[in-house]
Amino acid sequence: MKENKKGILIVISGFSGAGKGTLVKELLRRHGEDYCLSVSMTTRTPRPGERDGVEYFFTDREHFEDTIARDGLIEYASYCGNYYGTPKAYVEERLSEGRNVILEIEIQGALKIKDRFPESLLIFVTPPNAEELKRRLEGRGTESEEVIASRLARAAEESKGVEFYDYLVVNDKLEESAEEVHHLVAAARRAPVRREEFVKGIREELHSFAKGAQE
Ligand code: 5GP
């Protein structure tokens, strides 16, 4: 029976400070062979230690807008004064190779992806409570008070959109959360909408058996 060779597009969102970056790193450390991580393009300035082409492709507004105009992004959004977007070619190539691709993006982008790729899997990562979120943001030590306040305000806004996601993962214990995401992906791959070729194949065979029996 033919199986669907296409990978699945996994969107991971979460409040800034929810630890989704660390969670994705842990997932890749444990199951790297099963996933590819898309590197986004952004106009935000790099944080200390961030490298161009690794955490992000860092660029300016002019180049970003030019990439939008050339249809080079599958989605983009403005977040706390900066542009963030997903380069198209990498995602399309990996999916057609049968790989699962992870996009670590915010909610506006996630909704655009769901619209464009209805069979994508949307996972929302949250800390156990709001106090913990604030503590993690402050503990990071890389952002000014103003930026932290704007990210908390944004989190309050984003909390309204959580119901659009397929699953919610409470990121309390890193290893467990990474395994939970891995299991959710495995389950999602078994859904009939993501096994179209298999369903089509078995349906055709059953129809031909039924036809043969009638003749
Ligand atoms: P940060 O500045 O903390 O790296 O990212 C800010 C927010 O932008 C995070 O919620 C992150 O997931 C999101 N983000 C990163 N890349 C993209 C992208 O390509 N598209 C969208 N829509 N959001 C992104």
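A polar contact is a pair of N or O atoms within 3.5 Å. I needed that cut-off before reading the distances below. I also noted that this is a predicted model.

**Entry 1: contacts of the ligand**

I began with T86. One of its backbone N or O atoms lies 3.4 Å from an oxygen atom of the ligand. I then looked up G85, where a polar backbone atom is 3.0 Å from a ligand oxygen. For R47 the atom concerned belongs to the side chain: a polar atom there lies 2.9 Å from an oxygen atom of the ligand.

How much of the ligand does the protein bury? I found that the ligand taken alone exposes 510 Å², and that the protein buries 95% of that.

**Entry 2: the shell and the pocket**

Next I asked how many residues surround the ligand. There are 16, and the closest are S40, R44, Y56, Y84 and E106. I sorted the shell by class and wrote down five nonpolar, four polar and seven charged residues.

I also checked which strands take part. β5, residues 73-79, supplies at least two residues of the shell, and β6, residues 82-87, likewise supplies at least two. As for its location, I found the ligand in the largest pocket.

I turned to the backbone angles. Most residues other than glycine have a negative phi.

D71 is not a glycine, yet its phi is about 60°. I located D71 in the loop between α2, residues 61-69, and β5. Its relative accessibility is 43%, and D71 therefore counts as partly exposed, the class between 20% and 50%.

C80 is also a residue other than glycine, and its phi is positive, near 45°. I found C80 in the loop between β5 and β6. With a relative accessibility of 34%, C80 counts as partly exposed.

**Entry 3: A110**

Is A110 buried or exposed? I read a relative accessible area of 0% for A110, so this residue is buried, the limit being under 20%. A110 has its place in helix α4, which covers residues 107-116.

Last, I looked up how far A110 is from D172. Along the chain they are 62 residues apart, and their C-alpha atoms are separated by 23 Å.

How values were computed:
Residues numbered from 1 in each chain as written. Predicted model: local features only at pLDDT ≥ 70, side-chain atom pairs only at ≥ 80, totals over all residues. Heavy atoms only, no water. Near = heavy atom within 4 Å. Polar contact = N/O pair within 3.5 Å; in protein donor to acceptor, adjacent residues only side chain to side chain. Areas by Shrake-Rupley, 256 points an atom, 1.4 Å probe, with all protein chains shown as cover. 1 Å grid on protein atoms, 1.4 Å probe; cavity = no way out; pocket = protein on both sides within 12 Å on 5 of 7 lines; lining within 4 Å. Sits in = over half its atoms within 2 Å of the grid points. Helix = DSSP H or I, 4+ residues; strand = E, 2+ residues; numbered from the N terminus. Nonpolar A, V, L, I, M, F, W, Y, C, P; charged D, E, K, R; others polar. Buried < 20%, exposed > 50% of the residue type's maximum accessible area, 1.4 Å probe, protein only.
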